[in-house]
Amino acid sequence: MSTQLNRQFLLAKRPSGMVSRDTFDYVEKPVGEPGNGQILVKNRYLSLDPAMRGWMNEGKSYIAPVGLGDVMRALGVGEVVASNHPDYSVGDHVNGALGVQDYFLGEPKGFYKVDPKRAPLPVYLSALGMTGMTAYFALLDVGAPKAGDTVVLSGAAGAVGSIAGQIAKLKGCRVIGIAGGREKCAYLIDELGFDAAIDYKSEDLPEALKRECPKGVDVYFDNVGGDTLDAVLGRLAPKARIVICGAISQYNNKEAVKGPANHLSLLVNRARMEGFVVMDHAANFASAAAEIGGWLASGQIKSREHVVEGLETFPETLLKLFKGENFGKLVLKV
């Protein structure tokens with residue numbers, strides 16, 4: 001493999017505000033051979049996630065930041081093309097932290113095998129991957145929805161929101177999605193079976209929430225933060241549960257992150273707001289994947305992947321997340 005080149009995007013600097021191409025260094029290096037306990041993976045698809053923006057920052061978080069000069073962290077699926085590890089053979093397909101590059105070379109820490117005959121590889125980055133695990137555990141463990149509850153989700157046409165909303169429908173809830181644009185709102189209702197959708201780009205959000213949630217919001221699944229979170233806090237039902245899964249509206253702020261101004265609604269309504277990190281639930285991923293896989297096979301939930309081709313497009317493709325241009329799970333085909 002030494003004659004092959006490995007294209008890589010390295011983190012060049014800590015970004016302030018929105019990322020750009022010059023946030024990264026693009027390099028090409030020879031592909032090495034696996035040492036003892038290592039595997040070489042040809043990356044096929046990479047997962048592009050809002051969390052990647054947080055991984056570029058220094059400071060305390062749930063995971064160490066990407067080091068300056070290191071390959072940009074990204075989850076992905078790929079094929080083992082050389083192995084010096086007893087548990088992995090050439091031809092195996094794996095899911096793991098492969099990085100924004102053509103090839104991963106190293107120890108397969110946290111990797112697991114996937115079966116391309118069971119589902120297309122991009123689905124292992126969406127409904128059958130961390131996206132699905134996030135939607136499943138954040139909604140069911142933190143949100144704890146009950147049949148008849150009103151569940152509101154922001155970023156509802158995105159990767160996590162679209163899966164979480166469908167699971168809420170399976171649990172007998174009334175589901176309202178907040179999304180940007182008529183096309184996304186129509187998709188939530190017509191394709192995914194949401195009960196209602198609110199277009200935050202063309203509607204007054206507090207008024208729309210009053211219309212769609214006359215008895216209040218029992219579960220709010222937040223992927224956006226900022227003004228959207230404040231609007232929903234103003235419409236809580238007693239004993240409401242708020243899942244803080246993400247805050248994409250705040251990730252590129254140059255100023256301090258905007259906290260909730262309506263937080264006293266938590267007191268008045270005896271509500272609970274709780275943060276969520278998916279790796280806290282790693283021990284139960286297999287059972288969740290089995291249940292989600294059953295729902296996919298039966299057509300009870302749908303998984304939509306927005307695939308963009310070309311590793312070289314990585315910086316610009318990543319920006320689609322923060323411009324609201326992705327429809328479903330954003331995946332980069334290497």
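The following dialogue takes a few labels used for this predicted model and sets each against its definition.

Visitor: What do the numbering and the values rest on?
Guide: Residues are numbered from 1 along each chain as its sequence is written. In this predicted model, local features need pLDDT of at least 70 and side-chain atom pairs count only at pLDDT 80 or more, while totals for chains, interfaces and linings use all residues, and side-chain values use heavy atoms, with hydrogens and water left out.

Visitor: Why are H2 and H3 called oblique?
Guide: Helix H2 (residues 130-143) and helix H3 (residues 159-170) pack at an angle of about 50°, and their axes are 8 Å apart. Helices (H or I, at least four residues) and strands (E, at least two) are DSSP runs numbered from the N terminus. The axes are lines fitted to C-alpha atoms, for helices over the stretch in contact, and angles run from 0 to 180 degrees between N-to-C directions. Under 35 degrees counts as roughly parallel, over 145 as roughly antiparallel, 65 to 115 as roughly perpendicular, and the rest as oblique. H2 is therefore oblique to H3.

Visitor: Which residues make the contact between H2 and H3?
Guide: From H2 come Thr131, Thr134, Ala135, Tyr136, Leu139 and Leu140, and from H3 come Ala159, Val160, Ile163, Ala164, Ile167 and Ala168. Contact means heavy atoms within 4.5 Å.

Visitor: How do these residues divide into nonpolar, polar and charged?
Guide: Ten are nonpolar, two are polar and none is charged. Ala, Val, Leu, Ile, Met, Phe, Trp, Tyr, Cys and Pro count as nonpolar, Asp, Glu, Lys and Arg as charged, and the others, Gly among them, as polar.

Visitor: What is the angle between H5 and H6, and what is it called?
Guide: Helix H5 (residues 205-212) and helix H6 (residues 226-233) pack at about 40°, with axes 9 Å apart. H5 and H6 are therefore oblique to each other. Leu205, Pro206 and Leu209 of H5 meet Thr228, Ala231 and Val232 of H6. This contact has five nonpolar residues, one polar and no charged.

Visitor: How many disulfides does the structure hold?
Guide: A search of the whole structure finds zero. A disulfide here is a pair of cysteine sulfur atoms within 2.5 Å. Cys173 is in no disulfide, and its nearest cysteine sulfur, that of Cys213, is 12 Å away. For Cys185, also in no disulfide, the nearest cysteine sulfur is again that of Cys213, at 14 Å.

Visitor: Are Cys173 and Cys185 buried or exposed?
Guide: Buried means under 20% relative accessible area, exposed over 50%, and partly exposed in between (1.4 Å probe, protein chains only). Cys173 has 3%, so Cys173 is buried. Cys185 has 9%, so Cys185 also counts as buried.

Visitor: What makes helix H9 mostly covered?
Guide: Seven of the ten residues of H9 (residues 314-323) are buried. They are Phe314, Pro315, Thr317, Leu318, Leu319, Leu321 and Phe322. These buried residues pack against strand E1 (5-11), strand E2 (24-30), helix H1 (51-55), strand E14 (305-309) and strand E15 (329-333).

Visitor: Why remark on the phi values of Ala144 and Arg270?
Guide: Most residues other than glycine have a negative phi. Phi of Ala144 is near 45°, a positive value in a residue other than glycine. Phi of Arg270 is near 50°, again positive in a residue other than glycine.

Visitor: Where do Ala144 and Arg270 lie, and what is each called by accessibility?
Guide: Ala144 is in the loop between H2 and strand E8 (150-154). Its relative accessible area is 31%, so Ala144 is partly exposed. Arg270 is in the loop between helix H7 (264-268) and strand E13 (272-275). At 59%, Arg270 counts as exposed.

Visitor: Is Gly293 buried or exposed, and what does Gly293 touch?
Guide: Gly293, in helix H8 (residues 285-298), has 13% relative accessibility and therefore counts as buried. Not counting residues up to four places away in sequence, Gly293 touches Arg118 and Leu128.

Visitor: Why is Asn84 called partly exposed?
Guide: The relative accessible area of Asn84 is 36%, so the label is partly exposed. Asn84 lies in the loop between strand E4 (75-83) and strand E5 (93-97). Leaving aside neighbours within four places in sequence, Asn84 is in contact with Pro34, Gly35, Asn36, Gly37 and Gln38.
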